[in-house]
Amino acid sequence: MNKPTSSTVILGTGSYLPERIVSNNEMAQIVETSDEWIQTRTGIRKRRFAAEGENTSHLAAAAARRAIEDAAIDPSEIDLILVATMTPDMPFPSTACLVQSQLNLPQCTAFDIQAACTGFVYGLNIAASMLQSGNFNKALVIGAEKLSGILDFEDRTTCVLFGDGAGAAVLGRSNTPGVGIIGGIGGADGSNPEVLCQPGGGSAIPPTHDSLDQRRHFLKMNGKEVFKQAVRVMNQASTDLLKKTGLAPADLSLVIPHQANLRIIDSLTKRLNVPTESVFINLQDYGNTSAASVGIALDEARHAGRIQSGDHILLVAFGAGLTWGASMLKWQE
Ligand code: ACO
């Protein structure tokens, strides 16, 4: 093993959103809701839903293709594929394996990460550690979700919140010290899984006619409880990571939070005491895309010219589990 003393850097990013745009007014034709209610409570105006037959692996592969092109590497250099998702094409094999095949990537280590909306951030931190071990050279980290496949379109309290999409990054090493992913942090508390879960379909409640009749294979959420926890854990993860990396909120050029709800992001912005202009928000267009959200936002922030070499960027997320995590980047082109 050749243990490097170098940095782990993001060599390229990519994202993919399915074509079909679904407005709040369209959702109001499915459940009793309104554009006004959704926008006021969440900030969401529209979301994307994947086409029939367009699965999480296809969204993931499309985003990955763009990230590989952006990184300008030969795909044969990739020796680690991580896909963060809570909506895999199927329980097994992993979506990472399906992406390996669809993109004709090397037959390398490939596995899924299940950390719900924190998945992409967990993925970056895990990939960075694996690259730093010296056992891997180039990692493809993808967050991808087809949440429309597990939404209960009879439950207005959840189905209006989520959308489909994928974000990806290619990671490699650089000899310049102190750049790239300069710190990571993560956590989990599994003591209250029912506040946000898909109860049916696993080994606890295998799919039966009864479980389907009781709609247990759909996403369930106690929104109020999740809201409270989200603000607390994202603030804690951000504060802890700032401390760990020796940075202050004023050092941050950009904060990219998980795009779940504008009110959650506003609370975090206030608690962190960072200017609103330094917080990236695109949830109005895509809703909550779970594990894909931070990856999509990172890619869009780059294309919008919001990220320059030398910038400190905080990525922070929370999700079902409860899970939370943050990554600190010092961007290097
Ligand atoms: N349209 C119209 N009315 C609605 C809708 C809707 N879509 N949904 C709920 N309501 C009604 C409720 O029935 C309730 O009516 P009632 O007072 O007559 O009972 C009223 O609106 C208020 O409902 P609340 O649940 O109190 O609304 P709240 O202000 O808490 O907002 C929300 C709900 C948006 C879900 C909020 O709690 C939230 O954002 N929570 C966090 C959710 C989140 O971030 N989830 C992602 C987690 S990440 C992951 O891992 C997937």
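I take exposed to mean over 50% relative accessible area, buried under 20%, and partly exposed in between. The model I consulted is a predicted one.

**Entry 1. Backbone: positive phi**

I looked up Asn273 and found its relative accessibility to be 65%, so this residue counts as exposed. Asn273 sits in the loop between H9 and helix H10 (283-286). Its phi is near 60°, a positive value in a residue other than glycine.

I then turned to Arg215, whose phi is likewise positive and near 60°. Arg215 has its place in the loop between helix H7 (209-213) and strand E10 (220-221).

**Entry 2. Backbone: cis peptide bonds**

I noted a cis peptide bond between Phe92 and Pro93, with omega at about 0°. Pro93 belongs to the loop that runs between strand E4 (80-84) and helix H4 (95-102).

A cis peptide bond also joins Gly321 and Leu322, again with omega of about 0°. I located Leu322 in the loop between E12 and strand E13 (323-330).

For context, I recall that most residues other than glycine have a negative phi and that most peptide bonds are trans.

**Entry 3. Cysteines**

I searched the whole structure for disulfides and recorded zero.

Cys159 is buried at 0% relative accessibility, and Cys117 is buried at 6%.

**Entry 4. Largest pocket**

I read a volume of about 760 Å³ for the largest pocket. Its lining holds 26 residues, and those closest to the centre are Met86, Thr87, Pro88, Gln114 and Gln198. By class I listed eleven nonpolar, twelve polar and three charged residues in this lining. Domain 1 (7-178) and domain 2 (181-330) each contribute at least three residues to the lining of the largest pocket.

**Entry 5. Second largest pocket**

The second largest pocket holds about 520 Å³ of space. I counted 23 lining residues, with Leu161, Met221, Gly223, Lys224 and Asn261 nearest the centre. The classes here are twelve nonpolar, eight polar and three charged.

Which elements supply at least two residues each to this lining? I found helix H2 (35-42), helix H8 (223-245), helix H9 (262-272) and strand E12 (312-319). H8 gives the largest share, four residues. Domain 1 (7-178) and domain 2 (181-330) each provide at least three residues of the lining of the second largest pocket.

Key
Residues are numbered from 1 along each chain as its sequence is written. This is a predicted model: local features need pLDDT of at least 70, side-chain atom pairs count only at pLDDT 80 or more; totals for chains, interfaces and linings use all residues. Side-chain values use heavy atoms; hydrogens and water are left out. On a 1 Å grid over the protein atoms alone, a cavity is a set of points where a 1.4 Å probe fits but cannot get out, and a pocket is an open set with protein on both sides within 12 Å along at least five of seven lines; lining residues have an atom within 4 Å of a point. Grid points are joined across faces, edges and corners, and a volume is the space filled by probe spheres set on the points. Ala, Val, Leu, Ile, Met, Phe, Trp, Tyr, Cys and Pro count as nonpolar, Asp, Glu, Lys and Arg as charged, and the others, Gly among them, as polar. Domain bounds come from an automatic or database domain assignment. A disulfide is a pair of cysteine sulfur atoms within 2.5 Å. Buried means under 20% relative accessible area, exposed over 50%, partly exposed in between (1.4 Å probe, protein chains only).
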